[in-house]
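The entries below are in the order of looking.

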Amino acid sequence: MDIADAVLLVAAGLAAGTVNAVAGGGSLITFPAMIAVGLPPIPANVSNSVAVFPGYVASVAGSQQDLPRGRALAILVPTTVLGAVAGAALLLATPARAFELVVPFLVLGATAVLAFQDPLRRLVGHPRDLSPRRRTVSVQTMVAVGAVYGGYFGAALGVMLVAGLALVLDATLARVSAIKNLLSAVVGLTTLVVFALFGPVNWAAVALVAPATLVGGYAGARLVRRLPSVALKTVIVVFGSVIGLYLLWRAVR
């Protein structure tokens, strides 16, 4: 790895940390960067999952004022861990081609859910109108699906979590984004442990990208707190659409 490769990875890490905190999808910056410096796809994906974890932690620190307090958030952690372990195991045990074809439609579907959040709420019911049991099941299901996806691939995890949680939680988008940051960090820590033990991690690439995502993640989380809900939703929907179309193009080319 030469100086140009190192500069590319650091720049990608800064950008990815910021994007992950604001909208999610920063892995679509760091993953191609790792491919560009010569890593094969699976080691690049595994190394990328490990490298972006510090950025998630920084995002949590930057958005902690918007996090809810108490048991409601804690009960989501076991579901997130189990889902991430399942996704990581799937990545290490199965060919990636079939999932690559499904991923773009998951991302585009999640983006559409967020874009049409209000009409969908009128169709399925507003979270405040659901029974406590149904609300709990809905939230846990959304978190489980997002965690499995995050453990397997991770790109646009933030878009998927925001879209799903915004549909089933009666909360501001800034609070939903803060919860997304925490759950993404849990997914990141889980995949870090699994891939560090069993995956082909390129630690040199991780050493360059990880500190940069830390800086970018904190800056992005502070930016989210200053954005109006409409502007934040617009940013996430636009970015999610671009990510989904890019992944679809890459899968079928």
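What follows are my notes on confidence, cavities, pockets and core.

**Ground rules.** I am working with a predicted model, in which local features need pLDDT of at least 70, side-chain atom pairs count only at pLDDT 80 or more, and totals for chains, interfaces and linings use all residues. Residues are numbered from 1 along each chain as its sequence is written, and side-chain values use heavy atoms, with hydrogens and water left out.

**Confidence.** I looked up pLDDT (the predictor's confidence in each residue, from 0 to 100). The chain averages 83, and 93% of the residues score at least 70. I take helices as DSSP runs of H or I with at least four residues, and strands as E runs of at least two, numbered from the N terminus.

**Cavities.** I used a 1 Å grid over the protein atoms alone; a cavity is a set of points where a 1.4 Å probe fits but cannot get out, and lining residues have an atom within 4 Å of a point. Grid points are joined across faces, edges and corners, and a volume is the space filled by probe spheres set on the points. The search of the whole structure gave 3 cavities of 30 Å³ or more.

The largest cavity has a volume of about 80 Å³. I find 13 residues in its lining, with Ser 49, Val 52, Tyr 56, Gly 150 and Gly 154 nearest the centre. Helices α3 (41-51) and α11 (173-198) each supply at least two lining residues, and α11 has the largest share, 4 residues. For classes I count Ala, Val, Leu, Ile, Met, Phe, Trp, Tyr, Cys and Pro as nonpolar, Asp, Glu, Lys and Arg as charged, and the others, Gly among them, as polar. The lining of the largest cavity then has 5 nonpolar, 8 polar and no charged residues.

The second largest cavity has a volume of about 60 Å³. Glu 100, Val 103, Phe 153, Leu 247, Arg 250 and Ala 251 line this cavity. Two or more of these come from each of α7 (97-115) and α13 (229-252), and α13 has the largest share, 3 residues. I note 4 nonpolar, no polar and 2 charged residues here.

**Pockets.** A pocket is an open set of points with protein on both sides within 12 Å along at least five of seven lines. The largest pocket holds about 370 Å³ of space. Of its 18 lining residues, Ala 72, Leu 76, Arg 135, Val 139 and Leu 169 lie nearest the centre. Helices α5 (71-74), α9 (132-152) and α11 give two or more residues each; α9 gives the most, 5. The lining divides into 12 nonpolar, 2 polar and 4 charged residues.

The second largest pocket has a volume of about 190 Å³. Its lining includes Leu 106, Met 142, Met 160 and Leu 165. Helix α10 (157-168) is one of the elements supplying at least two residues, and α10 gives the most, 5. I note 9 nonpolar, 3 polar and no charged residues.

**Core.** Which residues have the most contacts inside the largest nonpolar core? A core is a set of buried Ala, Val, Leu, Ile, Met, Phe, Trp, Tyr and Cys residues joined through side-chain atoms within 4.5 Å; buried means under 20% relative accessible area (1.4 Å probe, protein chains only). The answer is Met 34, Leu 114, Tyr 149, Leu 165 and Phe 195, in a core of 61 residues. Helix α10 gives the most to this core, 10 residues.

Definitions and conventions: Buried < 20%, exposed > 50% of the residue type's maximum accessible area, 1.4 Å probe, protein only.
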